[in-house]
Amino acid sequence: MSAMIIRGGRVIDPANKCDEVVDLAIVDGKIAEKSAIKGQKEEQVDAKGLIVAPGLIDIHVHLREPGFGHKETIASGTRAAAAGGFTTIVCMPNTSPAADNPATIAWIKDRAAEAGCVNVLPTGAISKNIAGEELAPIGSLGRAGVVAITDDGRCIQNHELMRRAVEYARMVGLPVLDHCQDYNLVGNGVVHEGYWSTLLGLPGWPAAGEQAIVARNILLAELCDHHIHCQHISAGGSVRLIREARNRGVKISGEVCPHHVALTHEAIQNFDTNYKMNPPLRSKEDVDAILEGIADGTLSILCSDHAPHAGFEKEVEFDQAPFGIVGLETELGLFIDLLVHKHRKIDIERLIEMYTVEPAKLLGLDAGTLSVGAKADVTLIDPNLEWTVTIDQFQSASRNSPFDGWKLKGRAVRTIVGGETVWELP
């Protein structure tokens, strides 16, 4: 029998409405009553001054395997997740081959079991080869163990095809996640359409290109009576649309990535491709609207959109570089620093809820809780620890981050998966 007791920490477990300083016991990889370890030799963990939270969940991660191991592998990506405080990550299907069939899903699950150090939950593609032309076998993907379907990285433009996807997803009980981008409106845009795109001569990506698909998804969620989750929301208009729809009871939700609250499109003025992401960095007005959406619950989930790229891929002209940045190792620190300490939009309890209860509820996961008998996935957080982001120390195989050198307040200091410590701050 293996046993661990985490002593003196502030246990914040939103699923059980618990916020108190109390010891937490772990026996054989599960949360247990303290009495269960009497007479056993247990590992003692001093958590005084720390927050003891359910293992954090990131529902938007690109692990790049199979097919793009030069950017990231399941092994390196899960190490990065552990270093960021995440015990469960949900990986996107835009791999090569695409995760649009049960065989590829089985490969990802087997590889994660062999090489991963945190829980890896695959999503399946909505369309075959993520091409947006023909539906993938959604029922077979569900039986293969995907937790949702999405064509993330691309967006289905055919509204009738998307409607059928949502209907099939409802039949098999899978939520639909959508990358919201209207190609006709966005065209060849690479940065937010506004002052800086005009000044720098870069093709603009208008906020309406996101908002049009958010509106489409609201209409389909209402028509099909099934949940659609809008990924990486960046535009203020999208927040307003989602808020109004949720107030009417529509099954729609949205998530936020840290770069869309930490930065504005002003950051692109030096043509640094580490500031190129999809959707792009937007205006201060958009950032303010997103912050309000987080504060009032319109945007209910925090995530990274961890998108690793090799250095040589980013070292090209701005409009030729791939979209995306790594985020697993910086997102928690950025969100604590910005949302809790600086802007004070939410408290640490709500932040933990947005990383545990909310994603678990959306995807129907047996995770995000410290209930007795639950799997012992636990994250220890020091909300006041001041540290400096150093990309050369990342566990990720890639370094494409705009936050190198940023000073942040708050980070994970220990990550426990199934009762075993998989990462600890040196």
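Me: Why does Glu65 count as buried in this predicted model?

Reply: Buried means under 20% relative accessible area. Glu65 has a relative accessibility of 14%, so the residue counts as buried.

Me: What makes the contact of Glu65 with Arg111 a salt bridge?

Reply: The rule asks for a side-chain nitrogen of Lys or Arg within 4 Å of a carboxyl oxygen of Asp or Glu. Between the side chains of Glu65 and Arg111 the N to O distance is 3.8 Å, and the two meet in a salt bridge. The pair links distant parts of the chain, 46 residues apart: Glu65 lies in the loop between strand E8 (56-61) and helix H1 (74-84), and Arg111 in helix H2 (residues 102-115).

Me: Why is Arg7 called partly exposed, and which residue does its side chain meet in a salt bridge?

Reply: Arg7 has a relative accessible area of 33%, which means that it is partly exposed. Its side chain meets that of Asp23, with 2.9 Å from N to O. Asp23 sits in the loop between strand E3 (18-21) and strand E4 (24-27), whereas Arg7 belongs to strand E1 (residues 3-7), 16 residues apart.

Me: What makes Asp19 and Arg10 a salt bridge, and how accessible are Asp19 and Arg10?

Reply: The N to O distance between the side chains of Asp19 and Arg10 is 2.8 Å; the limit is 4 Å, so the pair qualifies. Asp19, at 38% relative accessible area, is partly exposed, and Arg10, at 28%, is partly exposed.

Me: How many salt bridges does the rule give, and which residues form a network?

Reply: The count comes to 25 salt bridges. A network of salt bridges links Glu160, Arg163, Arg164 and Glu167.

Me: How do you know that the structure has zero disulfides?

Reply: A search of the whole structure finds zero disulfides, and the criterion is a pair of cysteine sulfur atoms within 2.5 Å. For Cys257, the closest cysteine sulfur is that of Cys303, at 4.0 Å, so the two are too far apart for a bond. For Cys224, the closest cysteine sulfur is that of Cys230, at 14 Å, which is therefore too far for a bond.

Me: Why are Cys224 and Cys257 called buried?

Reply: The limit is under 20% relative accessible area. Cys224 has 5%, so Cys224 is buried; Cys257 has 0%, so Cys257 is buried.

Me: Why is helix H12 described as largely enclosed by the rest of the structure?

Reply: Of the 12 residues of H12, 10 are buried, so the helix is largely enclosed by the rest of the structure. Among the buried residues of H12 are Leu332, Phe335, Ile336 and Val340.

Me: How is the packing of H12 against H13 described?

Reply: Two packed helices are described by the angle between their axes and the distance between the axes. The axes of H12 (residues 331-342) and H13 (residues 348-355) come within 10 Å and cross at roughly 140°. The crossing is right-handed. H12 contributes Glu331, Leu332, Phe335, Ile336 and Val340 to the contact, and H13 contributes Ile348, Leu351 and Tyr355. These residues divide into seven nonpolar, no polar and one charged.

Me: Why is Asp319 called partly exposed, and where does it lie?

Reply: Its relative accessibility is 39%, so Asp319 counts as partly exposed. Asp319 lies in the loop between helix H11 (311-314) and H12. Not counting residues up to four places away in sequence, Asp319 touches Val190 and Lys276.

Me: What are the omega values of the cis peptide bonds from Ser96 to Pro97 and between Asn278 and Pro279?

Reply: From Ser96 to Pro97, omega is near 5°; between Asn278 and Pro279, omega is about 0°. Pro97 is found in the loop between strand E9 (86-91) and H2, and Pro279 in the loop between helix H9 (259-262) and helix H10 (284-295).

Me: Which phi values do Arg64 and His232 take, and why are Arg64 and His232 called buried?

Reply: Arg64 is not a glycine, yet has a positive phi of about 70°. His232, also not a glycine, has a positive phi of about 30°. Arg64 has a relative accessible area of 9%, so Arg64 is buried; His232 has 2%, so His232 is buried.

How values were computed
Residues are numbered from 1 along each chain as its sequence is written. This is a predicted model: local features need pLDDT of at least 70, side-chain atom pairs count only at pLDDT 80 or more; totals for chains, interfaces and linings use all residues. Side-chain values use heavy atoms; hydrogens and water are left out. Helices (H or I, at least four residues) and strands (E, at least two) are DSSP runs, numbered from the N terminus. Buried means under 20% relative accessible area, exposed over 50%, partly exposed in between (1.4 Å probe, protein chains only). Axes are lines fitted to C-alpha atoms, for helices over the stretch in contact, and angles run from 0 to 180 degrees between N-to-C directions. A crossing is left-handed if the near helix is turned anticlockwise from the far one by less than a right angle, and right-handed if clockwise. Contact means heavy atoms within 4.5 Å. Ala, Val, Leu, Ile, Met, Phe, Trp, Tyr, Cys and Pro count as nonpolar, Asp, Glu, Lys and Arg as charged, and the others, Gly among them, as polar.
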